[in-house]
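Let's take a friendly walk through a protein model. Have the sequence and the picture ready as you read.

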Amino acid sequence: MKLTILGGGGFRVPLVYGALLTDRGEGRVTRVVLHDLDPRRLSAVTRVLAEQAAEVPDAPAVTATTDLDEALRGADFVFSAIRVGGLEGRANDERVALAEGVLGQETVGAGGIAYGLRTVPVAADIARRVARLAPDAWVINFTNPAGLVTEAMSRHLGDRVIGICDSPVGLGRRIARVLGVKNPAEAWIDYVGLNHLGWVRGLRVAGRDELPRLLADPALLGSFEEGKLFGTEWLRSLGAIPNEYLHYYYFNRETVRAYQEAEQTRGAFLRDQQARFYDEMADPTASALRSWDRTRAEREATYMAENRETAGAGERDADDLSGGYEKVALALMRAIARDERTTLILNVRNRHTLSVLDDDAVIEVPCLVDANGAHPVAVDPLPGHATGLVCSVKAVEREVLAAAESGSRATAVKAFALHPLVDSVNVARKLVNGYTEVHPGLGYLA
């Protein structure tokens with residue numbers, strides 16, 4: 001079985017390959033094709049993968065190419081993890097937004113909109129190529145903003161594109177762990193929303209909802225990441241546990257100030273950190289795997305550092321440093337390829353799941369997965385405050401898609417202006433001006 005990884009020179013590709021090395025069953029991936037526009041990055045990641053596979057019998061064969069059509073042709077699965085504009089683009093997204101006093105995070109607020117405007121045209125082109133060159137392939141999208149990009153690709157691929165994210169998985173795992181659930185895989189997580197905008201409303205073990213027990217115990221509630229980040233009083237007021245990215249909404253003013261006062265933005269930190277890693281790979285005697293693992297550990301430990309500092313949440317727990325999206329990707333591929341039915345929280349088309357959104361809106365929700373793809377599970381309606389936020393952000397995503405399709409600068413301004421974290425039409429206009437100046441990829445906006 002052939003897996004094509006787009007963004008194959010990306011830093012997190014070894015996580016995916018490492019997961020593939022643990023899969024020894026029938027119908028496993030036997031061939032991995034890495035595609036990237038940067039031959040230097042491809043070479044570095046290929047070295048890491050070679051060291052990972054050194055003592056693994058029958059490890060999936062790895063090839064690398066800069067030819068997109070060659071990479072896609074005949075693929076069974078396509079894993080999309082591209083970054084249009086690179087980490088320099090992310091750093092610019094943050095800088096332009098913070099200069100106007102608004103959030104520039106890569107998936108939330110102004111930064112997410114700018115990133116989406118750059119990425120959607122590229123993702124749509126990839127989707128059209130997949131439909132032509134590998135019509136039977138399943139596309140697993142981890143390109144951010146994951147929900148928005150998955151929806152853009154679904155207009156060409158239908159249900160054969162599925163978005164994944166490790167945030168809901170990590171959240172469910174932390175809740176299960178603090179509640180003493182011996183096997184988190186046996187817990188049913190009642191989670192729904194959009195990507196990076198969802199809430200856990202229940203966690204059922206053997207048919208019993210254990211979340212009320214957590215919410216009723218301040219000490220237990222304050223003992224894990226989200227309790228520290230949001231505060232126990234706010235979580236009890238919500239009656240739910242929000243995705244960590246909702247910290248940008250619930251504590252926006254504090255977070256923007258922390259980002260403005262930080263020595264470096266997250267994008268600038270990752271840009272410089274990964275540049276050092278790829279520079280190290282120019283030395284043919286260096287251990288690629290050791291260098292990558294050291295860099296990865298630093299990356300994970302500093303994740304959302306400004307948010308945790310604002311909340312006084314301290315360092316991340318050691319159990320939260322292991323990532324997780326590669327495990328979701330492998331479970332998804334296995335379920336489809338082998339008809340190993342499972343339940344995963346995924347980004348899929350709504351169908352009739354949330355009545356406040358239309359059928360084609362991509363949402364993040366538990367899904368039953370089998371050989372025919374991912375099927376969203378019926379969930380209870382969101383409470384009013386969450387419904388309002390989901391509908392507002394989905395409306396912004398639709399304006400981003402419209403701007404990317406039409407090239408309308410006015411529609412791009414509208415997308416920024418309608419976002420809950422952008423507080424002025426005039427600021428929206430300045431953001432569009434600022435982003436088009438620093439991003440050549442936004443030159444299509446007229």
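Strand 7 (residues 188-194) and strand 8 (residues 197-205) pair in the antiparallel sense over 7 bridges, where pairing requires that DSSP finds at least two bridges between two strands. Strands here are DSSP runs of type E with at least two residues, helices are runs of H or I with at least four, and both are numbered from the N terminus. This is a predicted model, in which local features need pLDDT of at least 70 and side-chain atom pairs count only at pLDDT 80 or more, while totals for chains, interfaces and linings use all residues. Residues are numbered from 1 along each chain as its sequence is written, and side-chain values use heavy atoms, with hydrogens and water left out.

Strand 8 also pairs with strand 10 (residues 241-242) and with strand 9 (residues 208-209). The table gives one bridge for each pairing.

| Pairing | Bridges | A bridge pair |
|---|---|---|
| Strand 7 with strand 8 | 7 bridges | Asp190 and Gly202 |
| Strand 8 with strand 10 | 2 bridges | Trp199 and Pro242 |
| Strand 8 with strand 9 | 2 bridges | Val205 and Arg208 |

Strands 7 and 8 form a hairpin with 2 residues between them, and His196 in the turn has a positive phi of about 60°. Strands 8 and 9 form a hairpin as well, again with 2 residues between them; in this turn Ala206 has a positive phi of about 50°. Is strand 8 enclosed or open? Because 7 of its 9 residues are buried, strand 8 is largely enclosed by the rest of the structure. Buried means under 20% relative accessible area, exposed means over 50%, and partly exposed lies in between (1.4 Å probe, protein chains only).

Now for Val32, which lies in strand 2 (residues 31-35). Val32 is buried, with a relative accessible area of 0%. Beyond its neighbours within four places in sequence, Val32 has contacts (heavy atoms within 4.5 Å) with residues including Leu3, Ile5, Tyr17 and Leu20. Tyr17 and Leu20 are among the buried residues of helix 1, a helix (residues 13-21) in which 8 of the 9 residues are buried.

Finally, how many disulfides does the structure hold? There are 0 disulfides, a disulfide being a pair of cysteine sulfur atoms within 2.5 Å. For Cys165, the nearest cysteine sulfur is that of Cys367, 13 Å away. Cys165 is buried, at 4% relative accessible area. For Cys391, the nearest cysteine sulfur is also that of Cys367, at 19 Å. Cys391 counts as partly exposed, at 27% relative accessibility.
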